[in-house]
Amino acid sequence: MEIKLFSTSALQQETDALVLYLFENETTFDPLTSAIDQALNHGLQDLFTHGDFTGKSAQIALIYPRGSLSAKRVMFIGLGQRADLKLEGFRRAVASSVKKARELKLNRVAAILPFSETWSALDLSRAFAEGAHLGAYIYQGQKSETTEELPAILELFASDDQQSSIETGVKEGSIIASGTITTRNLVNLPPNICTPTYLSSVARNVADRAGLKITVLDKDQIEELHMGALLAVAQGSDTPPRFIILEHHAAQTELPTIVLIGKGVTFDTGGYNLKTGEGMIGMKADMAGGAAVIGAMQIIGMLNLPLRVVGLIPASDNMISSTAFRPQEVVTASNGKTIEIISTDAEGRLLLADALVYAKRYNPAAVVDIATLTGACIVALGSAAAGFFCTDDHLRDLLQAAGNATHERLWQLPLYPEYKKAIESDTADMKNTGGRNSGVGTSAVFLQQFIDYPAWAHIDMAGVMLDLADNPYIPAKGGSGYGARLLAEFVRLWGEKS
Ligand code: BES
Ligand code: MN
Ligand code: ZN
């Protein structure tokens, strides 16, 4: 779908549908809406008078103008109360209009932004492009018959004085959406296609598109780095691991550096601590953290954000074979710390451990890892928010601000010393699990053993990787794309506020 601007009169716009976004119970219309109402013989006024349409959020009404306008239909979308409107609400309203257009099989749609004092034309048009592209997204995977992506053309009204800010907003919003779609597509791919090597080939394409430097370490290079924790997970599989490094402004070491790390487990069987059949469904998405980092790096590169940003994705599947690692083995991570394996199903923290050690070489101002790490986090928070842990107040504030702005919310959980006690081992520096209680806290404190810098955050996104219902711009089934927008917005804020 392409978003174009138009500046001719909306009354004369030839289109399958003219879309207007209206606030709840506001019947004193702005001049353009008034002119449209007039052309409709006060059909819009009637909708309000009869109470058929009040502008409540998610409401949709259609009027057929019968020749009085050049548009075939006028579609009204409710935004709710003006005072309550957040950009998130607008993104959702735009997605609803695009989905309605698809349902009606419309090819061409023209929309008018709901200008208000609260939001600039830039903010609104950025949210418009995000809501439209993300709402239009469908994953057709390996289906032999595919459906057309409609509407094909989306036009947005821009008066001459707002032309340039709307153009910028649409461009930025489209970049943000396309990075998120990269993430969704990766999460949705089946594990026989999306192997560590495939993941690195997609990262290469992203690097080309977004002007990033890419380095992909193969198994020999991972061995040279003594990443014994990552290698323990990988050793049971014939599919080799990869360690993917994406860099934005790679050479500009004078810039503050943010390192983003994403768990790239391309399929998690649980290993010898085998998951149940039911528990394995969804585990193709166990690389959703890695996919979020690749999507975020795409956005960061394409927006050319003014920081050095490094994305690290340790990638492997977690399989069973005669060479697979077992419970009670002791493995040594790249910082020399030894880990007693209690469960082979606590594999994510193992590959993250080596990546957290690797991050140190960039002298990072902040390191953020994101991972589908624990079922315990899903039990705690469901899909309402990801859990997160943080060692630095400034980092925490910016991550939370980014979570609120993107509605990819984060809820902070504690790094209590009790959790460290729970992972004490009799035979090694630590165990890889801490027993039944606070599985999410013990996993975070495990990761903390591998950091050697002041500002670190860990995001557990197990509850939000898939199947998020009730948001019109997120598919109800499949990859949500969670994390790409969050991390990119966080980096943007860091550039502004640090
Ligand atoms: N990838 C899983 C966590 C997960 C579970 C993500 C369900 C999304 C949905 C992770 O590798 C795992 O298996 N964690 C174990 C840890 C346990 C063995 C300490 C878990 O949560 O059960
Ligand atoms: Mn696991
Ligand atoms: Zn896992």
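Predicted model: local features only at pLDDT ≥ 70, side-chain atom pairs only at ≥ 80, totals over all residues.
Student: OK, which protein donors does the manganese ion (ligand 2) have?
Tutor: They are Asp 268 (OD), Asp 345 (O), Asp 345 (OD) and Glu 347 (OE), at 2.1 to 2.2 Å from the ion, where donors are N, O and S atoms within 2.8 Å of the metal (3.2 Å for Na, K and Ca), and water is not among the atoms, so sites may look incomplete.

Student: And how far is that ion from the zinc ion (ligand 3)?
Tutor: The two ions are 3.2 Å apart, with Asp 268 coordinating both. Asp 268 sits in strand 10 (residues 264-268), while Glu 347 is in the loop between strand 13 (338-340) and helix 11 (348-359), so that the pair, 79 residues apart, links distant parts of the chain; helices (H or I, at least four residues) and strands (E, at least two) are DSSP runs, numbered from the N terminus.

Student: Are Asp 268 and Glu 347 buried or exposed?
Tutor: Both Asp 268 and Glu 347 are buried, on a scale where buried means under 20% relative accessible area, exposed over 50% and partly exposed in between (1.4 Å probe, protein chains only).

Student: Switching topic, what lines the largest cavity?
Tutor: Its lining includes Tyr 21, Ser 97, Val 98 and Phe 128, and helix 3 gives the most, with three residues. A cavity here is a set of points, on a 1 Å grid over the protein atoms alone, where a 1.4 Å probe fits but cannot get out, and lining residues have an atom within 4 Å of a point.

Student: Last one, where does Ala 39 lie?
Tutor: Ala 39 lies in helix 1 (residues 31-39) and is partly exposed, with a relative accessible area of 21%.

Student: What is Ala 39 in contact with, leaving aside neighbours within four places in sequence?
Tutor: Ala 39 is then in contact with Ser 68 and Leu 69, contact being heavy atoms within 4.5 Å.

Conventions
Residues numbered from 1 in each chain as written. Chains lettered and ligands numbered in written order. Heavy atoms only, no water. 1 Å grid on protein atoms, 1.4 Å probe; cavity = no way out; pocket = protein on both sides within 12 Å on 5 of 7 lines; lining within 4 Å.
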